[in-house]
Amino acid sequence: MFRTITLGDWEFWLVERPDGLYFSVPDCGGMADSHPRVPEQLAWTEATLVALPALERVWPTTWKVPADALAALEQLLQSHGARG
């Protein structure tokens, strides 16, 4: 599963991998992996995800989402106007 979530001009990625579900702020890729494309987006995400302590930050731009925290993440993002 790969899902794009849109919040204003920002996109977020929700990706299911064999080892779990991950929520990410898009990074620059290549040699700049884990450097956000939009630093303000990462700062907003860091401050906002504090409300969901079940999420585990695994990379500077990526959080692992336990299955039982997915609904809370979706609700939090929707409360800020996210679509997708």
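Is Glu46 buried, partly exposed or exposed? In this predicted model, Glu46 is partly exposed, its relative accessible area being 32%. Arg57 belongs to strand E4, which covers residues 56-59, and Glu46 belongs to helix H1; eleven residues apart, they link distant parts of the chain. Arg57 is likewise classed as partly exposed, with a relative accessible area of 39%.

A search of the whole structure returns two salt bridges. The other pair consists of Arg3 and Glu74, whose side chains meet at 2.8 Å, N to O. Because Arg3 lies in strand E1 and Glu74 in helix H2, this pair ties together parts that are 71 residues apart in sequence.

The largest nonpolar core comprises 18 residues, and the members that touch the most others are Ile5, Phe23, Leu49, Leu55, Trp63, Val65 and Leu73. Two or more residues each come from strands E1 (2-7), E2 (10-17), E3 (20-24) and E5 (62-65), and from helices H1 (39-49) and H2 (70-79). The greatest contribution is that of H2, which supplies three residues. Helix H2 therefore takes part in this core and also holds Glu74, the partner of Arg3 in strand E1.

Leu49 is among the core members with the most contacts to other members. With residues up to four places away in sequence left out of the count, Leu49 touches Phe23, Leu55, Trp63, Leu73 and Leu76. Of these partners, Phe23, Leu55, Trp63 and Leu73 are themselves listed with Leu49 among the residues that touch the most other members of the core.

A separate backbone feature is found at Ser34. The phi angle of Ser34 is near 75 degrees, a positive value in a residue that is not glycine. Ser34 is located in the loop that runs between E3 and H1. With a relative accessible area of 16%, Ser34 is classed as buried, because the limit for that class is under 20%.

Note on methods. Residues are numbered from 1 along each chain as its sequence is written. This is a predicted model: local features need pLDDT of at least 70, side-chain atom pairs count only at pLDDT 80 or more; totals for chains, interfaces and linings use all residues. Side-chain values use heavy atoms; hydrogens and water are left out. A nonpolar core is a set of buried Ala, Val, Leu, Ile, Met, Phe, Trp, Tyr and Cys residues joined through side-chain atoms within 4.5 Å. Buried means under 20% relative accessible area, exposed over 50%, partly exposed in between (1.4 Å probe, protein chains only). Helices (H or I, at least four residues) and strands (E, at least two) are DSSP runs, numbered from the N terminus. Contact means heavy atoms within 4.5 Å. A salt bridge is a side-chain nitrogen of Lys or Arg within 4 Å of a carboxyl oxygen of Asp or Glu.
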